[in-house]
Amino acid sequence: MRLRALLLMVAALMSGAAFVTPAAAQIEVDINAGAVKPMPIAIPAFSGATRGAEIAQVISGNLERSGLFQPLNVSGVADKLSDVNIQPRFPDWQTTGAQALINGQVTVGPDGGLRVDFRLWDVFSQQQLLGLQFSSTPDNWRRVAHKISDAVYERLTGEKGYFDTRVAFVAESGPKLNRIKRLAIMDQDGANPQYLTDGSYIVMTPRFSSTSQELTYMALRPTGSSIYLLNLETSRQETVGKFPGMVFAPRFSPDGGKVAFSVEKNGNSDIYVMDLRSRSTTRITTDPSIDTSPSFSPDGTKIVFNSDRGGQAQIYVMNTDGSGVRRISFGGGRYTTPVWSPRGDFIAFTKQTGGQFHIGVMRPDGGDERLLTTSYLDEGPTWAPNGRVLMFFREGGGGNPKLWTVDITGRILRPAAYNGSGSDPAWSPLLD
C-alpha cells in the first residue's frame, strides 16, 4: 500500500482576502458547554472542473458526524460562488440561517494535479476566518477534504481535528460460532476499506504506533498465538518473537520503540515490555493474578493496566519498570481495557455492572469517573488523536458487533461510518 502523504499545504492566506485573527473571530463552538447546539454551517459544492461536489460532501459528512455542526441544504441559494476570489453575497447566505460558510474552488494544473482553495466565513459579520490552499494528486482528493475539515474544526472549536486519520479494526463475518476475523483498515469516515489478512486465522487487538504508519496485532492460529508488527507503507510483516503461552493485548510505547503486551501461562498472565531495536524483553509484573491490557502514558513514564489481583478486574497504574503499582478504580463492577488519552488527561475503559457494559473515562488519579455509554455490550475504546472522541464496538443480542463513536462528554453518540461488522478499533495518529 502506498500510504505516504501526497498532500502539500502551499499557502496559508489567500491573496486579496481580508483575514481575521482568532482573537477577532465572531463565531465559535464551545465544546465544553453543558449542552452543545450544533452550529448551522453552509457547505456548497466547490466550484471548478472536477471533484468539487464530492469534496464538499466529505467535509459536510465529517463535520456533521462530529455532532458540533449542522450542514444546511443550500441548493436554493442564489449566490453560486463560482470564483473563490470573489466575496460571497452575504445577504443570500444569511437567509439560510447559516452562521458559517465554507466555499472553495478546484483547479487542475498542467501536470494534472489538483489545487484546492477554500475559505471559511462568518456569515453575519461578513469576515473571513480562514483561507488555505492545498495541492494534491487527483486520487488523493479525499485527503484534501479531510484536511480542510480538520482546519475548519480547529478554527471554530479551538481543538485539533481528527478527520485526516484512519482506523484499523477486526472485520467480522460469518456465523457467531465460526466467525471469520480479518485485519482491516479504513479512513475514519468509512471510506477505502481494505483487508490486510485473508481470514485463514483469527486476528485481535490491532494497535497503531503513535509515530509511524505501523500496526501491532495478535494472530491466533491452531499452533498458538503470536504478536506481529506490520508496516503499512511497505507491507512488511514480522513477529516480535516466540513466548511460552498465549500472547495478547500488544500496544506501542509513545516513541514507537517498545511494545507492551501480556503473556498467559498456566492460568496466570503478566505484562512484558519488548525493546523493538534490541528485541530484549522485560517482565514487569509478577503478581499471581491476571494482569493485562497495558497502555503507556503519553510521556512514556507510566503504564495503565487492568488486574484482578484485588478479587475482580480493576485499573492500576505503575511505572514502566513495574514499580509503584497503585489502584485507581474503586467503583462497583469490573474495569477492563484501559487506554490512556493522547493528551494525558483521561484514561478510557470498559466497565461491566450487572448485565450492562459501559465505555467510561476517569482521570489518571482515578478521579472524575464518568460513564459515557450503556448497552448490552460496549467494549474496546480507542482515542482519536485529539483526545476528544472515542471509538468502540457495540454488540447487540444478535452477535454482530458494530463500530460507534462517543465524545468525552457522552452527549454525542453516533454509529461509525462503516456498514459492516467490526470490533477492536484502533485510531491512527493524524496522517503526515
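F305 and Y316 are both buried, where buried means under 20% relative accessible area, exposed over 50% and partly exposed in between, with a 1.4 Å probe and protein chains only. The model is predicted: local features need pLDDT of at least 70, side-chain atom pairs count only at pLDDT 80 or more, and totals for chains, interfaces and linings use all residues. Residues are numbered from 1 along each chain as its sequence is written, and side-chain values use heavy atoms, with hydrogens and water left out.

Stay with the aromatic rings. A pair of aromatic rings is described by the distance of the centres and the angle of the planes. Here, rings of Phe, Tyr and Trp (its six-membered ring) pair if their centres lie within 6.5 Å; planes under 30 degrees apart count as stacked, over 60 as edge-to-face and the rest as tilted. A search of the whole structure finds eleven aromatic pairs. One of them joins F261 and Y272, stacked at 6.2 Å centre to centre with 10° between the planes. This pair links distant parts of the chain, eleven residues apart: F261 sits in strand β16 (residues 258-265) and Y272 in strand β17. Strands (E, at least two residues) and helices (H or I, at least four) are DSSP runs, numbered from the N terminus. Both F261 and Y272 are buried. F305 and Y316 are stacked too, at 5.8 Å centre to centre and 25° between the planes. F305 belongs to strand β20 (residues 302-307) and Y316 to strand β21 (residues 314-319), again eleven residues apart. Elsewhere, Y153, Y162, F163 and W427 form one aromatic cluster.

Strand β17 (residues 268-275) also holds D270. Why does D270 count as buried? Its relative accessibility is 2%, so D270 falls in that class. A polar atom of the D270 side chain lies 3.4 Å from the backbone nitrogen of T286. Contact, meaning heavy atoms within 4.5 Å, gives a wider list. Leaving out residues up to four places away in sequence, D270 touches F261, S262, V263, R283, T285, T286, D287 and D291.

Now the nonpolar interior. In soluble globular proteins, nonpolar side chains tend to be buried together. A nonpolar core is a set of buried Ala, Val, Leu, Ile, Met, Phe, Trp, Tyr and Cys residues joined through side-chain atoms within 4.5 Å. The largest one has 49 residues, and F46, L63, I102, F118 and L156 touch the most other members. Helix α3 (residues 141-157) supplies the largest share of this core, eight residues. Beyond its neighbours within four places in sequence, L156 is in contact with I27, E28, V29, M39, I41, F69, A100, L120 and L129. Another core lies apart from this one; it has 14 residues, including V170, Y217, A219 and L232.

Turn to the sheets. Strands of a sheet pair through backbone hydrogen bonds, either parallel or antiparallel. Two strands pair if DSSP finds at least two bridges between them. Strands β8 (residues 166-173) and β9 (residues 180-187) pair over eight bridges. S173 stands opposite I180 in β9. The hairpin of β8 and β9 has six residues between the strands, and G174 there takes a positive phi near 90°. β9 pairs with β10 (residues 194-195) over two bridges, and A184 stands opposite Y195 in β10. In the hairpin of β9 and β10, G190 takes a positive phi near 90°.

A second open sheet runs β11-β12-β13-β14, with antiparallel pairing. β12 (residues 214-221) and β13 (residues 224-231) pair over eight bridges. A hairpin of two residues joins β12 to β13, and M218 stands opposite I227 in β13. Is β13 open or enclosed? Six of its eight residues are buried, so β13 is largely enclosed by the rest of the structure. Three bridges join β13 to β14, where T239 is the bridge partner of Y228. The hairpin of β13 and β14 has five residues between the strands, and S235 takes a positive phi near 70°.

Terms used. Polar contact = N/O pair within 3.5 Å; in protein donor to acceptor, adjacent residues only side chain to side chain.
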